[in-house]
Amino acid sequence: MADMKAIAEALKSGKARDVKAMVSAALEEGVSASTILNEGLVVGMGEVGELFKANEIYVPEVLIAARAMKAGMELIKPLLAASDVQPAGVAAIGTVKGDLHDIGKNLVGMMLEGAGFQVIDLGIDVGADKFIEAIKGGAKLIGMSTLLTTTMPEMKNVIEAIKEAGLRDQVKIIIGGAPVTQSFADEIGADGYSADAASAVDLAKALLQ
């Protein structure tokens with residue numbers, strides 16, 4: 001019988017090839033895609049998130065684990081779509097206009113995917129119009145990131161534009177990045193702030209419950 005714990009462990013160790021082989025074998029045995037996702041991949045990525053939060057592992061290890069998760073996800077994604085398994089939520093993430101940094105954003109995206117979210121990555125240098133488009137397309141969560149103090153006001157501009165478009169009550173907005181704080185999030189009317197990628201996932205889950 002396929003061992004979901006073994007899949008989670010291989011993912012934590014960043015063994016993409018092993019994860020792929022084990023997921024493939026589990027599917028052949030008739031294990032459902034949602035079981036593999038929730039009991040294997042999500043569990044493994046959740047443990048990676050906890051280790052990351054505790055400073056027991058660092059960004060490179062998280063990226064390697066996320067790559068292993070993606071290898072498994074590639075096999076089960078089409079099956080999840082076919083079986084109408086609903087994602088935990090639809091999240092659109094982007095680095096705000098004027099900022100080209102994306103490591104933090106990419107990490108958040110990977111961790112959200114690992115937690116079962118459908119992630120729309122809007123990329124870098126993202127203006128309000130793109131975020132608004134994503135909300136109209138079904139995103140229930142917006143994640144904005146910046147690394148520069150000079151682009152922090154752009155986060156407020158995006159929130160104001162979402163309000164003007166009459167969409168503010170349809171979406172939860174979270175922000176993150178080195179210069180950003182909880183008090184800044186409160187000041188600009190965001191729903192939350194997180195200091196790292198693993199905490200962003202906890203926040204996203206709490207907001208969308």
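Contact here means heavy atoms within 4.5 Å. By that rule, and leaving aside neighbours within four places in sequence, Ser194 is in contact with Ile175, Gly176, Ser199, Ala200 and Leu203. The model is predicted. An open sheet of five strands has the order β2-β1-β3-β4-β5, and its pairing is parallel.

- The edge strands are β2 (118-126) and β5, each of which pairs on one side only.
- Helix α6 (residues 128-136) packs on the sheet. This helix touches β1 (90-96), β2 and β3. The direction of α6 makes about 165° with that of β2.
- Strands of a sheet pair through backbone hydrogen bonds, either parallel or antiparallel.

**Strand β4 and its two partners**
- Strand β4 covers residues 172-176. Four of its five residues are buried, so the strand is mostly covered.
- On one side, β4 pairs with strand β3 (residues 141-145) in the parallel sense, over five bridges.
- Leu141 stands opposite Lys172 in β4. Gly143 has Ile174 of β4 as its bridge partner.
- Ile175 has Tyr193 of β5 as its bridge partner.
- From β4 the chain passes through helix α8 (residues 182-188) to β5. That β-α-β crossover is right-handed.

- Where does Ser194 lie? Ser194 sits in the loop between β5 and α9 (197-208).
- Is Ser194 buried or exposed? Ser194 counts as buried because its relative accessibility is 11%, and the cut-off for buried is under 20%.
- The side chain of Ser194 reaches the backbone oxygen of Asp196 at 3.2 Å.
- A polar atom of that side chain also lies 3.4 Å from the backbone nitrogen of Ala200.
- Ala200 is also one of the contacts of Ser194, as is Ile175.

**Helix α1**
- Helix α1 spans residues 4-12. Its buried residues include Met4, Ile7, Ala8, Ala10 and Leu11.
- Why do these residues share a side of α1? They cover an arc of only 165° around the axis, which puts them on the same side of the helix.
- An α-helix has 3.6 residues a turn, so residues three or four places apart point the same way.
- What covers the buried residues of α1? The cover includes α2 (16-28), α3 (33-53) and α4 (59-82).
- Asp3 caps the N-terminal end of α1. A side-chain oxygen of Asp3 lies 2.9 Å from the backbone nitrogen of Lys5.
- Just after α1, Gly14 takes a positive phi of about 75°.

**Glu113 in helix α5**
- Glu113 belongs to helix α5 (residues 103-114).
- Glu113 is buried because its relative accessible area is 12%, which falls under the 20% cut-off.
- Which residues does Glu113 touch, not counting residues up to four places away in sequence? Glu113 touches Met69, Lys70, Lys77 and Val119.

How values were computed: Residues numbered from 1 in each chain as written. Predicted model: local features only at pLDDT ≥ 70, side-chain atom pairs only at ≥ 80, totals over all residues. Heavy atoms only, no water. Buried < 20%, exposed > 50% of the residue type's maximum accessible area, 1.4 Å probe, protein only. Helix = DSSP H or I, 4+ residues; strand = E, 2+ residues; numbered from the N terminus. Pairing = 2+ DSSP bridges. Right-handed = clockwise from strand over helix to strand, strands pointing away. Arc of directions from axis to C-beta. Polar contact = N/O pair within 3.5 Å; in protein donor to acceptor, adjacent residues only side chain to side chain. Axes fitted to C-alpha atoms, helices over the stretch in contact; angles between N-to-C directions.
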